[in-house]
Amino acid sequence: MAAVIRHDYSRDEVLSLLNLPFADLMQTAGSIHRENFNPNQVQVSTLLSIKTGGCPEDCAYCPQAARYNTGLKAHKLMEVDEVLAKAAQAKAAGATRFCMGAAWRSPKDRDVAKVAAMVEGVRAMGMEACATLGMLNPEQAKTLKSAGLDYYNHNLDTGPDEYADIIKTRDYQARLDTLQHVREAGLKTCCGGIVGMGESREQRAALLQTLANLPEHPGSVPINRLVQVEGTPLHGTALLDPFEFVRTIAAARILMPASVVRLSAGRAEMSEELQSLCFLAGANSIFYGEKLLTTGNPDVEADQALFAKLGIEGMPVLIESKTVHADVLQEDRSCAA
Ligand code: SAM
Ligand code: DTB
Ligand code: SF4
C-alpha cells in the first residue's frame, strides 16, 4: 500500500494519536511501518564530533554550550585526514552513513570548505554523508550539496511554543529558514527533536505536527531522548515515562510513513526491551558506535548482539547505483540463538 503523505495535520489530530490506547497505537504504527519498510532492517549511522564544545549558543540541553560548566574539553575543527580515518573505522564496523557534527551557531565559509573536503572523502568510501553544522545560508548549502553531501541534520528540537524556554540565542523561524535553504539546495533533510525536556504530551504533539507539516517530510527523523548532562540547565529534569517515548516514535512513524525514524540519543540509558518496543513502534535507524557527539552510546558489540537477538540486519543503501550492505551487522546474525 502506498504511503499516505500529508502536510496538513492539526494539533488535535496528532494529539489524538498520542492519546490512543497503547495497543492500538502500536498496531497502527507497526502496520504502516510494514507497508513502507522491511521491519527487520535498521539504518545504521555513525556520528563524529568534528568540532567540539565552545559553542556560543545557549541550548539548555547541550553540554557543548560554552556558557555551561560541564567539564567538556573544547576542540577545534578536526583535520580532514583525521575525520576520514574515523569514517573508515565506522565503515569497517558496519555503518552506512557517517554524520559529522560541529558545535557552531553557524559555520564560516572556510569551515564549510573544509567540511566539503570531508564529505568528498566519506562519499568516496561508499558511505552516505550527513553533516550538522548549525544555521546555513543558501550558498553554504549549495557548496555542501556540490561536495556530495546527502543529508543535512538540523533539528527543530521542540514545538514552536516552548522553543524560547529552551533556546534564547536564536528563534524557531531561523531553524525553519535553514531547513528551507537545505531543501532548496537539493539536500535531503534530517530533522527531529528532543523529548524528555519536561514538555507535555500536547507539546510533543506540536513538535510532531510541525515536523510532519514541513513542505517535505524529512528523509530522517531523529527522536532524541534528553541525555542529561551535569552543568546544563536541564540536568535534573524529571525523567520521561518510557511509554511516552515509545508513543512519540509510533506517532512519528504514522505521521511520516516513508521517512526513516531514528531512535537517536538516549539509547545508552535504555533497556534492550525498551529499544525493541521502539523498533516495533516503527523506529528504523540508530546511531552506532560507542559515542554520540560528546556522550556515550551503547558499544558496537551490544548493538550487534541486540540485532542478532531480534533478527535485525543493517538497511542497505543505494549510493550511485551500488548497493552497500552493513556487512558486520549482517554477519553477526549467525550469533542469534
Ligand atoms: N550546533 C548545531 C545545531 O545545534 O544545530 C549542530 C550540533 S547539535 C549538538 C545537534 C543536535 O544534537 C541538537 O539539535 C540536539 O537535537 C542534539 N542534542 C544536543 N544535546 C543533546 C542532549 N543532551 N540530549 C539529546 N540530544 C541532544
Ligand atoms: C541528532 O538528532 N542527535 C545527534 C545528531 N543528531 C547530531 C546528537 C545527539 C547529541 C547527544 C549529546 C552529545 O553526545 O553531546
Ligand atoms: Fe551549540 Fe548545537 Fe549545542 Fe546548541 S545544540 S549549544 S547550537 S552545539
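In the predicted model described here, a polar side-chain atom of Thr-294 lies 2.6 Å from an oxygen atom of ligand 2, a polar contact being a pair of N or O atoms within 3.5 Å, where within protein one atom must be able to donate a hydrogen and the other to accept it, and residues adjacent in sequence count only if both atoms are side-chain atoms. A polar side-chain atom of Thr-295 is placed 2.8 Å from an oxygen atom of the ligand 2 molecule, and an N or O atom in the side chain of Asn-224 is 2.9 Å from an oxygen atom of ligand 2. Of the accessible area of 400 Å² that ligand 2 has on its own, the protein covers 88%, with areas taken from the Shrake-Rupley method with a 1.4 Å probe and, for residues, only the protein chains shown counting as cover. The model is a predicted one, in which local features need pLDDT of at least 70, side-chain atom pairs count only at pLDDT 80 or more, and totals for chains, interfaces and linings use all residues. Residues are numbered from 1 along each chain as its sequence is written, chains are lettered from A and ligands numbered from 1 in the order in which they are written, and side-chain values use heavy atoms, with hydrogens and water left out.

Around ligand 2 there are 14 residues, of which Asn-155, Asn-224, Leu-293, Thr-294 and Thr-295 come nearest; a residue is near a molecule or strand if one of its heavy atoms lies within 4 Å of it. By class, this shell has 7 nonpolar, 7 polar and no charged residues, where Ala, Val, Leu, Ile, Met, Phe, Trp, Tyr, Cys and Pro count as nonpolar, Asp, Glu, Lys and Arg as charged, and the others, Gly among them, as polar.

A polar side-chain atom of Asp-157 lies 2.5 Å from an oxygen atom of ligand 1, while polar backbone atoms are 2.9 Å from a nitrogen atom of ligand 1 in the case of Val-227 and 3.0 Å from a nitrogen atom of ligand 1 in the case of Tyr-61.

Asp-157 is found in the loop between β4 (151-153) and α6 (163-166), helices (H or I, at least four residues) and strands (E, at least two) being DSSP runs numbered from the N terminus. Asp-157 counts as buried because its relative accessibility is 5%, buried meaning under 20% relative accessible area, exposed over 50%, and partly exposed in between (1.4 Å probe, protein chains only). The phi of Asp-157 is near 70°, a positive value in a residue other than glycine, whereas most residues other than glycine have a negative phi.

Ligand 3 is surrounded by Cys-55, Glu-57, Cys-59, Tyr-61, Cys-62, Ala-65, Ala-103, Trp-104 and Arg-170, a shell with 7 nonpolar, no polar and 2 charged residues.

Elsewhere, Met-315 lies in the loop between β10 (313-314) and β11 (317-319) and counts as buried at 13% relative accessibility. Met-315 and Gln-41 are 274 residues apart in sequence, yet 4.9 Å apart in space, C-alpha to C-alpha.
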